[in-house]
Amino acid sequence: MSGIEIILGILLGLVVNEACDISPWLAGKLVKKAAHLKYRDPERAATRAEELAAVVAERPGKLFKLATAMAFAAGALVTRLAVLVQDLGNSLRLYARSAQMLWWARPGRRSPPIVISKGTLEIRIEEANVEQVVEIIRQLHEERPGGVPTT
Amino acid sequence: MAGLERITQPTLDVLEVLVRAFDNNEQIHGWAIMKATKRAGPTVYKVLDRLEDARWITGEWEELGPDEPGPRRRFYRLTGEGAPAARTLLSQRRPAALQPRPALGFTPIGRLVALMPGGGR
């Protein structure tokens with residue numbers, strides 16, 4: 001065994017020992033962050049942060065504490081991502097609707113014709129001609145007080 | 001009081017534990033609920049969030065003395081309105097949960113003898 005291997009072994013041992021010692025502290029920090037990440041309501045986030053810290057503190061063993069905190073952090077991350085995706089979907093739907101309305105309201109857009117149908121008869125009136133058609137019907141009313149023929 | 005939007009198996013598990021604690025006039029904290037239901041922490045707390053939002057449960061902080069450092073636990077209890085609602089839900093979805101459970105332990109021999117034909121005489 002070379003000198004480097006011995007030094008590496010000692011260093012690795014120290015790192016593992018230190019990691020085990022800081023894991024409860026890290027778990028406490030992680031679980032508080034997880035609570036604030038998960039809950040948008042600051043009051044509930046503060047409540048859960050302390051409560052989850054108590055839950056982690058009750059777990060036996062240093063690594064178990066860290067594992068529990070990591071599970072809470074993962075759950076919080078998933079919840080936050082789901083909320084973000086939902087918000088993004090809502091925003092995209094809103095943008096799409098706005099774009100559609102702008103498209104319909106664009107200047108110079110030709111509206112679809114107004115269709116009046118009765119039996120096999122179908123009359124298509126372009127939007128630009130509607131006023132003219134109304135005027136013709138009004139004149140026909142004046143000329144024929146008995147009414148305008150329906151066919 | 002609002003109803004629950006989603007009734008999942010973990011919801012029923014947590015309600016079962018809470019109803020049992022309510023019947024025994026006990027309060028139960030998150031870690032104890034996790035242990036009793038054998039469910040993961042995030043799952044249990046998701047259910048607790050929903051139950052709190054629906055006002056089926058209420059939480060109370062543990063009182064720690066000045067010589068007891070550390071984060072406080074939060075104890076949960078079904079509310080006056082939540083208890084009958086939980087019971088109704090469990091009777092519909094999990095009727096066995098409301099059956100009285102046999103207590104663990106030893107029965108005095110005399111009582112067992114009394115159950116025998118002829119009362120053991």
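**Figure 1. The second largest pocket.** About 280 Å³ of space lies in the second largest pocket of this predicted model. A pocket is an open set of points on a 1 Å grid over the protein atoms alone, where a 1.4 Å probe fits, with protein on both sides within 12 Å along at least five of seven lines. A volume is the space filled by probe spheres set on the points, which are joined across faces, edges and corners. Lining residues have an atom within 4 Å of a point. H3 of chain A and H3 of chain B each give two or more residues to this lining. Helices are DSSP runs (H or I, at least four residues), as are strands (E, at least two), numbered from the N terminus. By class, the lining has seven charged, four nonpolar and one polar residue. Ala, Val, Leu, Ile, Met, Phe, Trp, Tyr, Cys and Pro count as nonpolar, Asp, Glu, Lys and Arg as charged, the others, Gly among them, as polar.

**Figure 2. The cavity.** The structure holds one cavity of 30 Å³ or more. In a cavity the probe fits but cannot get out. The volume of the largest cavity is about 90 Å³. Its lining includes A:Leu52, A:Phe72, B:Pro42 and B:Tyr45. H1 (3-38) and H3 (62-104) of chain A and H3 (41-53) of chain B each supply at least two lining residues. H3(A) gives the largest share, four residues. The lining divides into eight nonpolar, two polar and two charged residues.

**Figure 3. The interface of chains A and B.** Here 17 residues of chain B are in contact (heavy atoms within 4.5 Å) with 15 residues of chain A. The chains bury about 1,600 Å² between them, 56% of it on carbon and sulfur atoms. Buried area is the accessible area (1.4 Å probe) lost on putting two parts together, summed over both.

**Figure 4. Salt bridges between the chains.** Seven salt bridges are counted between chain B and chain A. Each is a side-chain nitrogen of Lys or Arg within 4 Å of a carboxyl oxygen of Asp or Glu. A:Glu50 pairs with B:Arg72, the closest N and O atoms being 2.8 Å apart. On the side of chain B that touches chain A, H2 (30-37), H3 and strand E3 (74-78) each supply at least two residues. H3(B) supplies the largest share, eight residues.

**Notes.** Residues are numbered from 1 along each chain as its sequence is written, and chains are lettered from A and ligands numbered from 1 in the order in which they are written. In this predicted model local features need pLDDT of at least 70, side-chain atom pairs count only at pLDDT 80 or more, and totals for chains, interfaces and linings use all residues; side-chain values use heavy atoms, with hydrogens and water left out.
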